[in-house]
Amino acid sequence: MKYPALITNKAKLTENIHTINKFCNDHLKKYCAVTKCFCANPEIVDVYYKAGVREFADARIPNLKRINYPDVARWLLRLPMLSEIEDVVKYSDISLNSEVKIVAALSEAALKLGKKHKIILMIDVGDLREGVLAENAVETAGEMLKYEGIELYGIGVNFNCFGGIIPNVENVSIVTEKAREIAEKYGIDIPVISGGNSGSMHLLTDQTMPSEVNYLRLGEVVFFGRETSYQQLIENMHEDIFRLEVEIIELQKKPSMPIGEAGLNALGEKVTFIDKGDMLRAIVACGRQDVYMDKITPLDEKIEILGQSSDHMIIDVTHSDKKYEVGDAISFSISYASLLSLSTSEYIYKLYE
Ligand SMILES: *Cc1c(COP(=O)(O)O)cnc(C)c1O
């Protein structure tokens, strides 16, 4: 065993993917599987592929490049940078867009490569991240339609990200209404209406999703089992697909109060302590560079994370029923934010079971 390790349970992930596939199918929706949270790790992407997923979405081109199957569609989720336009056309089939200037560049690059690039026009109805405001959507679509290298493949909306705004019938309907206006005004067919991310799942569960929405972009709900607007567990989903295991490199009884004049800690923060007397303190080899301690939870409920520096984490194991030793592993459940940083850290071993 190698530590620190991010461990993925492939069997549970497979079950979750099958559950979401069926769930979406039952509600007549398609989805693209969002891979950015695990950097499109090929072993994990392959679990999706074997479970039947053929559409993948990521925010970054280097991740999309790693998804190499002849029969999959690749979506670029983050708005393209002008500096990466050629790669966008090469490595993605579909990209989300809100800027005419960028669409013009995509069109030019696509024509040069002898391709047609599909775009989704994003409409912002309040979360205030990407997208044109609804009042500008019809006009912007018209301008984008002038470019021959692109196909206006769909209309999309995003929620639950910057503003934390929750999708509902009203705000999603603004988007479906705009899609209808665009299709009518320009006499085109718009195959995709993409109604959000894992935060839109509750609209399927309670049957209030406008029927025009035929696509979602799903990351978190697939591998953490919960819709993200109200954090409700979806039926039959596993929450414990990933865990973090770290190794104890020192285990000693020491005071709980640091001794001497108090300055700042390793991360430049002012820290305060409560005197709890002597405690059994474990140092583990995993630090802030890999993960934020408040985004992970020890599986042993009787231990407590005390603090972190860049490469160390200090844990109070005084009250545990387990007799830890140097060299033992300590396990944690993880969240979306910690999956993201652990996946990105090259110091974390990626293991599977
Ligand atoms: C990250 C992202 C998603 C996926 O979000 P989840 O909450 O993980 O389902 C969907 N759409 C866009 C535009 C994103 O950036």
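What follows looks at the overall build, the nonpolar cores and the ligand site of this predicted model. Residues are numbered from 1 along each chain as its sequence is written. As the model is a prediction, local features need pLDDT of at least 70 and side-chain atom pairs pLDDT 80 or more, while totals for chains, interfaces and linings use all residues, and side-chain values use heavy atoms, with hydrogens and water left out.

To start with the overall build, the chain has 10 helices and 17 strands (DSSP runs: H or I of at least four residues for helices, E of at least two for strands, numbered from the N terminus). Of the 353 residues, 50% are buried, meaning under 20% relative accessible area with a 1.4 Å probe, protein chains only.

Next, the cores (sets of buried Ala, Val, Leu, Ile, Met, Phe, Trp, Tyr and Cys residues joined through side-chain atoms within 4.5 Å). The largest holds 90 residues, and Tyr 48, Phe 223 and Ile 330 touch the most other members. Helix α5 (residues 100–112) gives this core its largest share, six residues. A separate core of 12 residues includes Cys 32, Ile 94, Leu 96 and Ile 120.

Ligand oxygen atoms sit 2.7 Å from a side-chain N or O atom of Lys 36, 2.5 Å from a polar side-chain atom of Ser 198 and 2.8 Å from a backbone N or O atom of Gly 219. The protein buries 94% of the 390 Å² that the ligand exposes when taken alone (Shrake-Rupley method, 1.4 Å probe).

Conventions:
A polar contact is a pair of N or O atoms within 3.5 Å; within protein, one must be able to donate a hydrogen and the other to accept it, and residues adjacent in sequence count only if both atoms are side-chain atoms.
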